[in-house]
Amino acid sequence: MSTLPVYRWRLAPDGLATRRQLRARGLRPGGQDVAAQLERPRRRRPPLVAYLYRVDLAKPVRPMTPGRWAALHKANAARRICPSCRRDAGYVIPPSLGTCAPCAYPEGTA
C-alpha cells in the first residue's frame with residue numbers, strides 16, 4: 001500500500017480537485033481512487049482533511065432521468081408528511097422535532 005501525497009491548504013497542484021470542485025465543473029470521480037490528500041491545519045485540533053481526485057480521469061455527472069426525478073419528488077414529499085397526524089405540513093419536518101409544529105407543541109395552537 002502506497003501512501004498518499006499530502007498537500008497543505010491551497011497548495012495542491014493543478015489537475016487535482018475535491019469532490020465539490022469536480023461537481024462544480026459537472027464532473028464526478030467515476031470510481032477512481034483518491035490521488036492525494038489536502039490538509040488544513042487548525043489550532044489545538046486535528047487538521048481538516050479533503051481527498052483529491054484527478055480531473056483528467058473524472059467522468060461527467062449522470063443526467064437526471066424522469067424516474068430519478070419522480071423518486072426525488074416522492075422522497076421530498078414524504079419528508080413533509082407528519083407521522084402523527086398524517087397531514088402535509090407544508091414544509092420539511094425537522095428531524096429534531098419528528099412531527100409537525102402543531103403536533104410537537106399542541107398547547108401553542110389555541
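Visitor: Which residue meets D88 in a salt bridge between side chains?
Guide: This is a predicted model: local features need pLDDT of at least 70, side-chain atom pairs count only at pLDDT 80 or more, and totals for chains, interfaces and linings use all residues. Residues are numbered from 1 along each chain as its sequence is written, and side-chain values use heavy atoms, leaving out hydrogens and water. A salt bridge puts a side-chain nitrogen of Lys or Arg within 4 Å of a carboxyl oxygen of Asp or Glu. Here the N to O distance is 3.2 Å, and the partner of D88 is R80.

Visitor: What is the relative accessibility of D88?
Guide: Buried means under 20% relative accessible area, exposed over 50%, and partly exposed in between (1.4 Å probe, protein chains only). R80 is partly exposed because its value is 29%. D88 is also partly exposed, and its relative accessibility is 47%.

Visitor: Which residue joins R54 in a salt bridge?
Guide: The count of salt bridges comes to 2. The N to O distance is 2.7 Å, and the partner is D56.

Visitor: Which residue of β5 is the bridge partner of Q37?
Guide: Q37 lies in β4 and also stands opposite V6. Another opposite pair involving β4 is R8 and E39. In β5, the bridge partner of Q37 is Y51.

Visitor: What positive phi does R44 take in the hairpin?
Guide: The hairpin is made of β4 and β5. Between these strands there are 2 residues. R44 has a positive phi near 55°.

Visitor: Which residues gather in the patch of positive charge?
Guide: Patch residues have over 30% relative accessible area and no salt bridge, with like charges joined within 9 Å. R42, one of the members, lies in β4 (residues 36-42) and is partly exposed at 30%. The patch on the surface consists of R10, R40, R42 and R45.

Terms used:
Patch = residues over 30% accessible without salt bridge, like charges linked within 9 Å, V, L, I, M, F, W, Y side chains within 5 Å. Areas by Shrake-Rupley, 256 points an atom, 1.4 Å probe, with all protein chains shown as cover. Lys, Arg positive; Asp, Glu negative; His and termini not counted. Charge placed at Lys NZ, Arg CZ, Asp CG, Glu CD. Helix = DSSP H or I, 4+ residues; strand = E, 2+ residues; numbered from the N terminus. Pairing = 2+ DSSP bridges.
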